[in-house]
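My notes follow in the order in which I looked.

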Protein chains: 2
Amino acid sequence: MNPDILKERQNASFDVQKLIYILDGGPEKTKRKREIVSLVANDPDFDEVDPNFLSRSERYDQAVRKSAQMILKLREYGIADPEEIYIYKSMVLGNRHDTLGLHNVMFLPTLYSQCDQEQSKKWLPLARSFKVMGTYAQTELGHGTHLRGLETTATYDPATQEFVLNSPTVTSIKWWPGALGKTSNHAIVLAQLYTHGHCHGLHAFIVQLRHMDTHEPLPGILVGDIGPKFGFCEVDNGFLKLDNVRIPRENMLMKYAKVEPDGRYVKPPSAKLTYGTMVFVRSLIVGQSAINLAKSCTIAIRYSAVRHQSEIRSGEPEPQILDYQTQQYKLFPLLATAYAFTFVGQYISQTYHRITGDINHGDFSELPELHALSAGLKAFTTWATNSGIEVCRMSCGGHGYSCSSAFPDLYVQFTPTCTYEGENTVMMLQTARYLVKSYRQAKAGQQLKGIMAYLNDMEQRQVRAHPASARPTVVDINDLSNLVESYKLRAATLVESAARSIQQELQKRKSQEDAWNNSAIDLVRASDAHCHYVVVKLFTEKLSEIGDTAIHSVLSTLALLYALHGITKNSGDFLQAGLLTVPQMQQISVRIKELLCLLRPNAVALVDAFDFNDKNLNSVLGRYDGNVYENLFDWARRSPLNATEVHESFHKYLKPLRSKL
Amino acid sequence: MNPDILKERQNASFDVQKLIYILDGGPEKTKRKREIVSLVANDPDFDEVDPNFLSRSERYDQAVRKSAQMILKLREYGIADPEEIYIYKSMVLGNRHDTLGLHNVMFLPTLYSQCDQEQSKKWLPLARSFKVMGTYAQTELGHGTHLRGLETTATYDPATQEFVLNSPTVTSIKWWPGALGKTSNHAIVLAQLYTHGHCHGLHAFIVQLRHMDTHEPLPGILVGDIGPKFGFCEVDNGFLKLDNVRIPRENMLMKYAKVEPDGRYVKPPSAKLTYGTMVFVRSLIVGQSAINLAKSCTIAIRYSAVRHQSEIRSGEPEPQILDYQTQQYKLFPLLATAYAFTFVGQYISQTYHRITGDINHGDFSELPELHALSAGLKAFTTWATNSGIEVCRMSCGGHGYSCSSAFPDLYVQFTPTCTYEGENTVMMLQTARYLVKSYRQAKAGQQLKGIMAYLNDMEQRQVRAHPASARPTVVDINDLSNLVESYKLRAATLVESAARSIQQELQKRKSQEDAWNNSAIDLVRASDAHCHYVVVKLFTEKLSEIGDTAIHSVLSTLALLYALHGITKNSGDFLQAGLLTVPQMQQISVRIKELLCLLRPNAVALVDAFDFNDKNLNSVLGRYDGNVYENLFDWARRSPLNATEVHESFHKYLKPLRSKL
């Protein structure tokens, strides 16, 4: 072990193991996690060439091999609990994607939730045994988030009791679905349903794409890979062009909406039902944000503990770069964010499962709030993580650019979360729609429940932008509940301000829609403030569950840093709303520096508590033992360009060049 | 031509051609530029496979071929003017790097500036004819920015009149130099010079690495590629381990410092001389920031004009996404920034050339300011561009992730500028050092010249953080000179505040060095504000040179947007310093929305004026003709994974999986 990092661990003020238990949900969970982790770590079948050394086709090939092995081994070991499967897969996949992932994340869940009984009987066994390998084809070349804009058609032919599917234009070609290009033999295709000449909007259809034995595309099906992307090298995101493809009537998913044999259309009971999968995936993404930011912080902080650079005091040895205030200022707020998002991810996943239970009992009352919250938090956490990964990478200097650091892989595999499953700005505006609606309800005297309750007593509080300082003096910048209150009032102010902007636009005789669009900047800002408030609130609430004094102390410091750092980054909001004063803002800047010093001795222990296995982290810079340089050199020497001492291009181009000059 | 984008061009309020002339520096320059551009565009020798479809080794091979061809063609065409060479190369390279680039950017310039007469006679002809292909080896595996920390040694042996070079540790292995791994046969190696047992610090030595004919590494030389990175696939960034490598005394670059045959060391006349290359490269990087942000804006804005999505008014066709306020808010401030950085790049390049002239006449007086300014602006512009490229990419939804968009290439080839040639935080602190020094000089009564003159009358102005508002009422938020003044006062406030932080730390009996480190957050903030002020100032000053009324009007709108957007993003600073009031802040938010509307009809024309050739932009989304979708589909079908209908992995892994389950 590198002596610097050893010393860091010895200096920690708390028991790392106990914090691991807290994050995992108890010692038994940690024990079981480690059992699963060691199953993969010690399995030679998962040895692999660094994908960064391979061509795209080789990467895809290796990834399919691993995905197939993973399926077999999970059955062999009898791992069936979703959480345990997740742990196993994360270990196998490291910072890359499961080539067959869409099958489990979108195809199967859609079958579960939208098949009627007979369909379930037919399709689930086929899909669970991977005879049918499927994906979910919604997005089109020319159409994304806006479902009504999708052009693919499914026209019912009562004569044959079939649907005829078509991609009528270039822009209607299905585009992006993972595993569509080469892997899947079936897809759930979203298409505009036509019966008797009427369009009934978007519905889901099971379409067979490839021959079950030869895997060749079926007639009328043009399918392929959409080409190299920023990351996702392992995944064959694909295109699909349908030319009069006929499928039996029974291939429309009919749990809710139906088409009778004669072509009669039966409406679904509630439009909200289809939100289920989306909300689920978005809540997963919040957890993914936490994990990816935690990984990035682990790499950057461990490396910063072993890297020595420049000088603080002249004549003395080069200090650990973690001793630089600027480095702490880059990394510790992100570390605090990683903890915040971990707790938010746990909260939203628990809430999802609780509300799903309610929905199954016919109670939809909490769904709108969850829908709005998951949309906004998906955007809020992915944006923060997206830029945070890059800050971590760049905090490692040149070595952060090396693929051996894992940062390039981490970034490119994470960044699409800002766009897929709901583009982030669109997500923020969805949340804003809920906020404005709640605001109007509150203003109309309705008593709001849940997280939106803060809008209830707005009128009395006279929350509005003003420079005067009626409130600030009561804010103790070291008191988290005071800060939660400030974040709340900031959110309320900005929701009100966005609503007022819409009102002003309407008074200019703009239409509702134009008024909305002309207030979109304010609306996004309001959503952002709302999410920020929720995160600070949930982090603060989590602290009350922590019994261990030492851990409570360090997590409180992190929570305080998270809250105060967020204030300085948005100081204009807090000043404009009169929530904090200029002297308080200066105190906060000073206090942040103190918090950085307080956290410094615990930084390595705090990332150790995320408990990433080296194989999962897959980063030379983030190694647990801190032995960075020798391993960096070893890795480089294995690079394919070093297979020969002299590259052929010397003889082909460089040597001949001389004689020509 | 796509009808949407055609309409955009017809709606522009100004003559694009005239703005192109302004950006290029006159119609003759534009004419010549286009001649050079068409030389490449019509040259079949530069036809290539999309590098995104190739393996790393194939990419390197293709890049070496192109670099070699480029050298021959430049000679053939007699293109020798640096600006014209730059245009030609940019066209050939598109969004990728010149494999042989370091030879021209670092190796040759160092020879020019640090060879004595005899050395010039020997090395320059060899290097200019590419017999000697060189790179510049400074950074080591364990050491970056801090030159004194470098470990490579060059020990003079008077007996043989040779230097003996060694990499004594793993951390001393040279690491990162471009073209070091496979391409170069020589390197300028930076090493600690030892004569007669004394270390004289870092000096530059010419070291032959590879045999001139066979290209095999010479004895004692372990050289290779450092492995795949985030981008720079075309460049063989390398490592170099030296084991008792002997070079003749004459291979130390001796224009300034010398070692006599008997080992006597002769000091250089001024330490500042070696700054020259660094300042030059940093000023180039500022220009690179402008170009890369301009490219990104071109792609995103053209695509936003042809992409239709969702709805603003229900029932109406999907609008161009450029009509969404949120999209305008993402892209137009970046467009304004691209213009700002273009003018800043031109300014700093002109200043460099002017001051270089002075230096050659022995006048070093302006060098410190240029050194400080180029450091800070390098950091300021690269950070802004780095995040700006990603905002542009993500504003294009899913298609921004496709390599066909050019965004992935643009980002990964640009992002290293945040780290190389001076890590950005270190650069900001270098500028801060100059700012604090200037502040102290002003405080001591010295009259400052140049850009720092704003610190002269600080005492009288009583610039300090206070919430009161003595000044704000005089600020007209539509008057750019007023805003320049506000940015200036913000910078002055933050410089003073950083200086005060250092003072307070010193009063706590901290050492100078600890006081500096404990104020580093404030120092970076001060530098950032200083650079921001310089950019707003230069943009504003540029406007006075624009004669054409229509162009003056649209560029003024851009400059105003740049200035006001910067204020809202840093509103806390302006409020805390009492430079603007809360009502003004609200007016600014409203005004920004108006500016977005004003710019909307000119957005496409403004990116057209950057005049990127389609081949240079190399983006399906950014095509001049706007025909995005059909070309995206064509490109995807050429992807290597589509070479066969069924990938071998189906037969190897997926089909066998069924029988095992």
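I began with a term: a residue is buried if its relative accessible area is under 20%, exposed if it is over 50%, and partly exposed in between, with a 1.4 Å probe and protein chains only. The model is predicted, so I noted that local features need pLDDT of at least 70 and side-chain atom pairs count only at pLDDT 80 or more, while totals for chains, interfaces and linings use all residues. Residues are numbered from 1 along each chain as its sequence is written, chains are lettered from A and ligands numbered from 1 in the order in which they are written, and side-chain values use heavy atoms, with hydrogens and water left out.

**Entry 1: aromatic pairs**

I looked up the rings. Rings of Phe, Tyr and Trp (its six-membered ring) pair if their centres lie within 6.5 Å; planes under 30 degrees apart are stacked, over 60 edge-to-face, and the rest tilted. Helices (H or I, at least four residues) and strands (E, at least two) are DSSP runs, numbered from the N terminus. A:Phe46 and A:Tyr88 are both buried.

I then took A:Phe230 and A:Tyr411, which are also edge-to-face, at 6.1 Å between centres and 85 degrees between planes. A:Phe230 lies in the loop between β7 (221–225) and β8 (238–242) of chain A, and A:Tyr411 in helix α11 (residues 407–414) of chain A, 181 residues apart. Both A:Phe230 and A:Tyr411 are buried.

**Entry 2: charges over rings**

A charge sits over a ring if NZ of Lys or CZ of Arg is within 6 Å of the ring centre and within 35 degrees of the ring normal. A:Lys73 lies over the face of A:Phe46, 5.5 Å from the ring centre. A:Arg433 has its charged end over the ring of A:Trp516, 4.2 Å from the centre.

**Entry 3: helix α3(A)**

Which residues of α3(A) are buried? I listed A:Thr30, A:Lys33, A:Ile36, A:Val37 and A:Val40. They cover an arc of only 130 degrees around the axis, which puts them on the same side of α3(A). The arc is that of the directions from the helix axis to the C-beta atoms. On the face turned away from the buried side I found the exposed residues A:Glu28 and A:Lys31.

**Entry 4: the two copies**

**Entry 5: a positive phi**

Most residues other than glycine have a negative phi. Phi of A:His196 is positive, near 50 degrees. A:His196 is in the loop between β5 (186–195) and β6 (198–208) of chain A, and is exposed, with a relative accessible area of 55%.
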